[in-house]
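Come along and check each entry against the picture.

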Amino acid sequence: MRATGTGEAADTHGVLALNVGSSSLKYGFYRVKDDHCEALFTAQADAPGSDADPVADILKALHERDLPMPDAVGHRIVHGGPNIREHALIDDDLMERLEEAKAFAPLHVPPAVEMVTRAREAFPGIPQVACFDTAFHATLPLVAKTLPLPADLREGGIERYGFHGLSYESIVRQLGDALPSRTVIAHLGNGASLCAVLDGKSVDTTMGLTPTGGIVMGTRPGDLDPGVLLYLMRERSYDAARLEKLVDRESGLKGLSGGTSDMRRLHEMDNEASRLAQDVFVHVARKQIASMVASLGGIDLLVFTGGIGENDAVTRAAILDGLRWIGPFECRVIRTEEDEQIARHTWRLASS
């Protein structure tokens, strides 16, 4: 065991957790012992790119805090494609399959894979682990994961995968024995989705093949009539690249408000567009929560998490106000611990 300069016992381990988004990197150094996970520090940097070297930032942060090299490194990977449905140790074979997974989440997987490549170079000989947001949803029943498409397309891996799995895992873990049978978890942030959890297992969720579907998000529209895309291709000459930019970066709250994807800013603004953006977000969230309740056959607990879910009481209240017809159920706000989940899974797999 490497000492981490903080005097912990020899059976604790230092894990570096890397959480790459489309434009930013959250990272933290965690002390892991059994199921206990403590953050020694957390920080944020730009995602890897031509002008950004997050590895240098990480090494500098470790040095400034007198921390050693980690015992293991964990990476959040949004999508593993059809062939990777469990958290896994990273080797050359897994790297090849991650290259294939880029097509399923082109906004998220390429920067994550680049970060893995850089981390393997920066920390040679240290075990590294890929933690997949799709893993929690591997329990989806056939009726929930099947998309209504011809068999040859479905056999090619086109199905509902679901995302934010590390966040949902963290909520289930935190609730422990207090987790009731029928729970809906609303992860509301710049990316947003819902999950129906039955006896601790994911049985339905809003995102589909990619993290673009489901409810309204900061810059993504959520579920959209596919005829809209056909119309834009036919009448506006949109190609795949233009459509991708539209649904990943220009829609959702940003598209509705005419410029901002930040719910805090929308609350501050007082114009028709900002009010419409908030109202649509709440309306769609209500509808989709109700659909998760239908999948569960009822609801015992609704959990709000994510940046909006944890911090925006106004939006929470508006969503709940439209769900009173369901009848009584418990509602809780719980902080998501995605990065802690990465650290836990990483040491579990690295130590095995």
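**Entry 1: the second largest pocket.** I began with a pocket whose lining draws at least three residues from each of domain 1 (13–132) and domain 2 (177–337). I kept in mind that this is a predicted model. This second largest pocket has a volume of about 950 Å³. I found 30 residues lining it, with Leu209, Thr210, Thr212, Gly213 and Leu229 closest to its centre.

Sorting the lining by class, I wrote down 18 nonpolar, seven polar and five charged residues.

**Entry 2: the largest pocket.** I then turned to the largest pocket, which has a volume of about 1200 Å³. Its lining has 45 residues, and nearest its centre I found Lys26, His187, Gly189, Asn190 and Gly191. Two strands give two or more residues each to the lining, S1 (13–20) and S2 (24–33), and so do helices H8 (240–250), H10 (263–268), H12 (306–311) and H14 (338–351). I checked which element gives the most to this lining, and H12 does, with five residues. By class I noted ten nonpolar, 20 polar and 15 charged residues.

Entry 3: Now I followed the strands. Six of them form an open sheet, and I read the order as S3-S2-S1-S4-S6-S5, with mixed pairing. Strand S3 (36–46) and strand S5 (88–89) stand at the edges with a single partner strand each, so one side of each has no neighbour in the sheet. I reminded myself that strands of a sheet pair through backbone hydrogen bonds, either parallel or antiparallel.

I looked more carefully at one pair. S1 and S2 run antiparallel and are joined by eight bridges. To find my place in this pair, I picked out Gly14, which stands opposite Arg31 in S2.

**Entry 4: helices across the sheet.** Last, I asked which strands helix H1 (residues 54–64) lies across. The strands are S1, S2 and S3, and H1 runs at about 40° to S2.

Technical notes. Residues numbered from 1 in each chain as written. Predicted model: local features only at pLDDT ≥ 70, side-chain atom pairs only at ≥ 80, totals over all residues. Heavy atoms only, no water. 1 Å grid on protein atoms, 1.4 Å probe; cavity = no way out; pocket = protein on both sides within 12 Å on 5 of 7 lines; lining within 4 Å. Points joined across faces, edges and corners; volume = space filled by probe spheres on them. Helix = DSSP H or I, 4+ residues; strand = E, 2+ residues; numbered from the N terminus. Nonpolar A, V, L, I, M, F, W, Y, C, P; charged D, E, K, R; others polar. Domains from an automatic or database assignment. Pairing = 2+ DSSP bridges. Contact = heavy atoms within 4.5 Å. Axes fitted to C-alpha atoms, helices over the stretch in contact; angles between N-to-C directions.
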